[in-house]
Amino acid sequence: MKRIYLIILVCWTMLSVASAQELTVKSMTVAGNDISASQYRVNDLNGKPCALVKVQLATRGAKFAGSVIGTPEFKNGVYWVYMPAGVKELEVQHNSFVPCHVTFSDYGIQSLQSLTTYVLTLLMPQGWAVPVDDGMRYLALTVSPKNSTVYVDGQLQVVDGDGSVSVYLPQGQHSYRVEAAGYAPEQQTVTLGDETLVRSVTLQSVLARVTVSCPTAGAHIYVNGQQRGTTPWSGSLAAGNYKMEARLDGYHSQQQTVTIAERSNEQITLPALVAITGNLNVNYRPVGAEVWMDGKQLGATPNVFRGVLVGNHSVEVRKAGYETLKQSVTIAEGQTAQLSGTLTASASSQSASSSSSSSVSGASVETITVNGVSFNMVRVDGGTFTMGATSEQGSDANVLEEPAHQVTLSTYSIGETEVTQALWKAVMGNKPSKFKGDNLPVEQVSWDDCQTFISKLNTATGKRFRLPTEAEWEYAARGGSKSRGYKYSGSNTIDDVAWSGFNRTHNVKTKQPNELGLYDMSGNVYEWCQDWYGSYSSGSKTNPTGPSSGSGRVFRGGSWYCTARYCRSSYRDYYEPSDRCYDLGLRLAF
């Protein structure tokens, strides 16, 4: 059986060879007037000059076996084949023909001589159709980033959305250049041969990492006049000159021009902002009347209050037995505004004054214990309120709080205090905070961390805790249905209710509560809310939950680090969900 298979295989091979067509040698001569071998000199592996055999064959795809130096080039129907001196034969191979073995002595050439050009002319079988070849091939590039600009031979090319480029070009040498803002350009020269040439080009970023900070809390950072965020701001910038600036309403801005180098890591600290101030002279009678500005008591009459921030302010002059005077005043830089007159006596003033300091009563509180740690949830009766930049927020309100709009909420419960480190440890088993203490609010927790904490707390208690929505948070901070219209949560005097302007957190429940019995909704630590951040609209809302998506989650409430204007009930800002900070924690709701 094996003998039969062998006979069949031999017969099939013979038939295949018989059916293949042969190349024939027409001639091989010395091209005496052709100086290509010396003009385009190529050395062999020993550094000696080669001979050049120009093989005339009117089809592409030929390959050459023997002592061939380098890869032969096909130029206008002629293959340039470099061979060392002394070589006596060459084999021409092509997929469509049987190999053609050429012995040079058959044509009167005993061996090749260096720096000499020869012409070998081959004929294809009669009737053989030469495939049409226009000599064009594709150069295909895939670039990253995908929005790069691509030039081929100096001509701008169209880049597809996936970063691919294909150009139909004549065979031979071509150049391409890929460039993109913030990246080092790449330029290459390539040779386009018989096949499509595919290249992948990935540009290297040359952007610098830049952090700009300012000691003044809440200062807005501008780069070349464009606002980038609040201090400290970090981002990527291309190399060049930039004007870094810190601005804050009521303060002189600080700026610095810097030169950013490629791929550098720059830390830029701008000087602290200097307040722009004027003076307020209040000479209302009777003597000893209290003077309040923007919800904070300045002192008593008569007095000149110096170093008041410029801008519009709300001033009240109060004294028991007299009608409270309310007046707006504009403070100009270096100027002294004047307020004078006499308060009007009123029998109702005393009772109104005493009622403003009445204690919280009637709150519905639920105590919950988990792993030995107890905490209180306070019911907030539903109602309708005006959210955002309301009048008592004064000139401290900013555009992020506008427009003020009506919101209606259903009844819910919210934490009496911020989540403490003791409660966090009872649920999570760790204390991530910078400032350690069981009764200190937990901080250094991201929005994502809070979701993990709440999920574990719900499993342990069977409850459905969550973060409050931004609207629920503000309604509770304003005192809900018991609101007295304070600027801060529970008072117009920041120090009564908030730890602010300090150098660390403080134990919860050590300041006065607000009208609902809630503590530290101004100051101590900022508090994450459930909502994605988005701009307000003027229309009324019912149980709003914020935008359906975004890049940052809302936080509220001011912190130990902030000045009073950032502890107001309407103040809002946002961080990315993965951000952590040592003045940012949370308060529960359900």
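**Strands, helices and cysteines**

Reader: How many bridges join β1 to strand β8, residues 97-103?
Author: These two strands (DSSP E runs of at least two residues, numbered from the N terminus) run parallel. In β8, Val98 is the bridge partner of Glu22. The number of bridges joining β1 to β8 is 2.

Reader: Before we go on, what kind of model is this?
Author: Residues are numbered from 1 along each chain as its sequence is written, and side-chain values use heavy atoms, with hydrogens and water left out. Local features need pLDDT of at least 70, side-chain atom pairs count only at pLDDT 80 or more, and totals for chains, interfaces and linings use all residues, since the model is predicted.

Reader: Moving on to α4, which elements do its buried residues pack against?
Author: Helix α4 (a DSSP H or I run of at least four residues) spans 421-428 and is mostly covered, with 6 of its 8 residues buried, meaning under 20% relative accessible area. Among them are Leu423, Trp424 and Val427. Taking contact as heavy atoms within 4.5 Å, this set packs against β35 (365-370), β36 (373-380), α5 (447-461) and β44 (584-586).

Reader: How many of the residues in α6 are buried?
Author: Helix α6 covers residues 470-477. Gly479, with a positive phi near 100°, follows α6. The buried count for α6 is 8 of 8.

Reader: How many disulfides does the structure hold?
Author: A disulfide here is a pair of cysteine sulfur atoms within 2.5 Å. Cys581 is in none, and the nearest cysteine sulfur, from Cys562, is 9.1 Å away. The count for the structure is 0.

Reader: Is Cys581 buried or exposed?
Author: Cys581 has a relative accessible area of 19%, and Cys50 has one of 1% and is buried. Cys581 falls under the 20% limit, so it counts as buried.

Notes
Buried means under 20% relative accessible area, exposed over 50%, partly exposed in between (1.4 Å probe, protein chains only). Two strands pair if DSSP finds at least two bridges between them.
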